[in-house]
Amino acid sequence: MAVSFEFATAGRILFGAGRAEQLPGLVDGLGTRALLCTGAHPERHAGLLAGLAMPTEVVPVPGEPTVADARAATETARAHGADLVIAVGGGSVLDLAKTVAALLGTGCDPLDHLEVPGGGRPVTASVPCVAVPTTSGTGSEVTANAVLNSPQHGVKASLRGPAMLPRLAVVDPLLTLGCPPEVTASSGLDALTQCLEPLVSVLATPLTDGLAREGLARAAAGLRRAHRDGSDVEARTDMAVCSVLGGISLANAKLGAVHAFAGVVGGLVDVPHGMACAALLAPSVEVNVRALRERDPDGPGLRRFTEVARILTGRGDARPEDGVAWITETVARLDVPGLGAFGLAADRADEVAAAAGRAGSMRGNPIVLTAAELREVIASAR
Ligand SMILES: NC(=O)c1ccc[n+]([C@@H]2O[C@H](COP(=O)([O-])OP(=O)(O)OC[C@H]3O[C@@H](n4cnc5c(N)ncnc54)[C@H](O)[C@@H]3O)[C@@H](O)[C@H]2O)c1
């Protein structure tokens with residue numbers, strides 16, 4: 001079979017415990033005036049940030065970013081004369097920072113670039129962006145998109161383009177030690193999903209396969225442990241590796257049903273992205289495996305789910321259904337609530353299923369799901 005693929009990632013990736021301490025030296029020469037995006041509590045990173053020598057304006061990002069947040073932060077950056085954007089925080093912070101860096105480069109409004117409700121113009125220019133994640137996670141430090149919520153349109157969508165890849169990613173597992181169990185659960189299951197979906201994707205490549213397999217193995221080793229004991233540096237390191245590898249994999253092999261649903265649900269109700277993925281993961285995998293058994297039992301999709309099950313369970317004889325059982329048990333152990341807990345009403349199932357079926361992420365799914373199967377996924381995830 002012909003093999004053809006393209007691969008792109010952040011300009012430079014530094015990984016390791018304590019690596020974030022090198023940040024001040026690393027950003028020297030990348031710009032002269034910085035906009036620094038952090039979470040709601042910039043004081044958490046006071047030590048790290050005190051070393052920055054250049055004039056720096058701080059923008060705290062309190063939650064998942066909206067179009068209005070992106071406009072306001074870009075105005076602040078322009079007023080400051082920023083030619084460099086630094087992000088220290090979770091995926092929300094990284095995505096806002098990547099958006100600002102892009103808008104400083106293109107001179108556009110977020111809606112010019114935003115897909116679905118906006119113009120969807122690819123991002124082809126950006127000032128340098130340095131991404132330092134504090135969750136494991138979204139992998140946003142190595143992806144070529146950023147997600148914004150547009151409450152006016154009731155959707156979450158991406159700005160996307162090669163110029164959105166950060167110039168530098170500094171991944172330090174020690175920065176994730178403070179994540180409370182619910183953030184460890186939601187971001188960790190997001191990271192696991194971002195390795196699983198590219199591995200079973202119809203757009204998988206030999207290069208992403210290797211990364212996604214290793215990322216899944218790290219999640220199998222680290223996720224339950226990191227949730228049980230947040231100070232377990234080895235488990236946190238496994239999850240940080242999983243997160244980076246998931247980000248690289250999704251950026252180069254696309255995703256599937258979980259992310260197709262998560263994007264739609266995130267625009268309708270106030271649910272953290274990772275929680276949405278966590279609630280959708282087991283139902284999506286279960287329905288996909290059953291659909292493949294019924295309609296493509298000898299195809300690559302089922303073989304891929306067998307491999308997923310063997311990596312997650314650590315058993316060489318595991319079947320795809322054993323993988324579903326491992327995921328279901330993990331989601332229960334990590335106390336992940338159903339989507340109903342976030343206000344998703346049962347009577348919205350048809351609307352959500354139809355929108356997820358049309359979502360861009362669904363193009364990577366290993367089999368085309370029927371309308372009834374899509375409804376089953378969302379009904380089970382409630
Ligand atoms: N660009 C991409 O490729 C990509 C991929 C997946 C998701 N996303 C987006 O990323 C966002 C979600 O990011 P997330 O899951 O990292 O969550 P988040 O950034 O929203 O953070 C979740 C919570 O954890 C807190 N937090 C973060 N780091 C912490 C730490 N070290 N200690 C204690 N608390 C900490 C935050 O303050 C926040 O309250 C969503 O907007 C989602 O759409 C982007």
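## Around the ligand

From which domains does the shell around the ligand draw at least three residues each? In this predicted model, domain 1 (13-175) and domain 2 (180-381) both contribute at that level.

The ligand has 28 residues around it, and those that come nearest are Gly90, Gly91, Thr138, Thr143 and Gly178. Two or more shell residues come from each of α4 (91-106), β6 (145-150), α6 (181-200) and α10 (273-295). Helix α4 gives the most, with 4 residues.

## The parallel sheet

Let's turn to the strands. Six of them form an open sheet with parallel pairing, in the order β1-β8-β5-β4-β2-β3. At the edges sit β1 (13-15) and β3 (56-60), each of which pairs on one side only. On average, neighbouring strands here are turned by 15° against each other, direction ignored.

Within this sheet, β4 (residues 84-89) runs parallel to β5 (residues 129-133), and 5 bridges join the two. One to look up in the structure is valine 85, whose bridge partner in β5 is cysteine 129. Helix α4 packs on the sheet, where it touches β2 (34-38), β4 and β5, and its direction makes about 170° with that of β4.

## A helix pair

Another contact to explore is that of α7 (residues 206-228) with α11 (residues 300-313). These helices pack at an angle of about 40°, their axes 8 Å apart, and the crossing is right-handed.

From α7, Arg213, Leu216, Ala217 and Ala220 meet Val308, Ile311 and Leu312 of α11. The residues of this contact comprise 6 nonpolar and 1 charged, with no polar ones.

Note on methods
Residues are numbered from 1 along each chain as its sequence is written. This is a predicted model: local features need pLDDT of at least 70, side-chain atom pairs count only at pLDDT 80 or more; totals for chains, interfaces and linings use all residues. A residue is near a molecule or strand if its C-beta atom, placed from the backbone, lies within 6 Å of it. Domain bounds come from an automatic or database domain assignment. Axes are lines fitted to C-alpha atoms, for helices over the stretch in contact, and angles run from 0 to 180 degrees between N-to-C directions. A crossing is left-handed if the near helix is turned anticlockwise from the far one by less than a right angle, and right-handed if clockwise. Two residues are in contact if their C-beta atoms, placed from the backbone, lie within 7 Å. Ala, Val, Leu, Ile, Met, Phe, Trp, Tyr, Cys and Pro count as nonpolar, Asp, Glu, Lys and Arg as charged, and the others, Gly among them, as polar. Two strands pair if DSSP finds at least two bridges between them.
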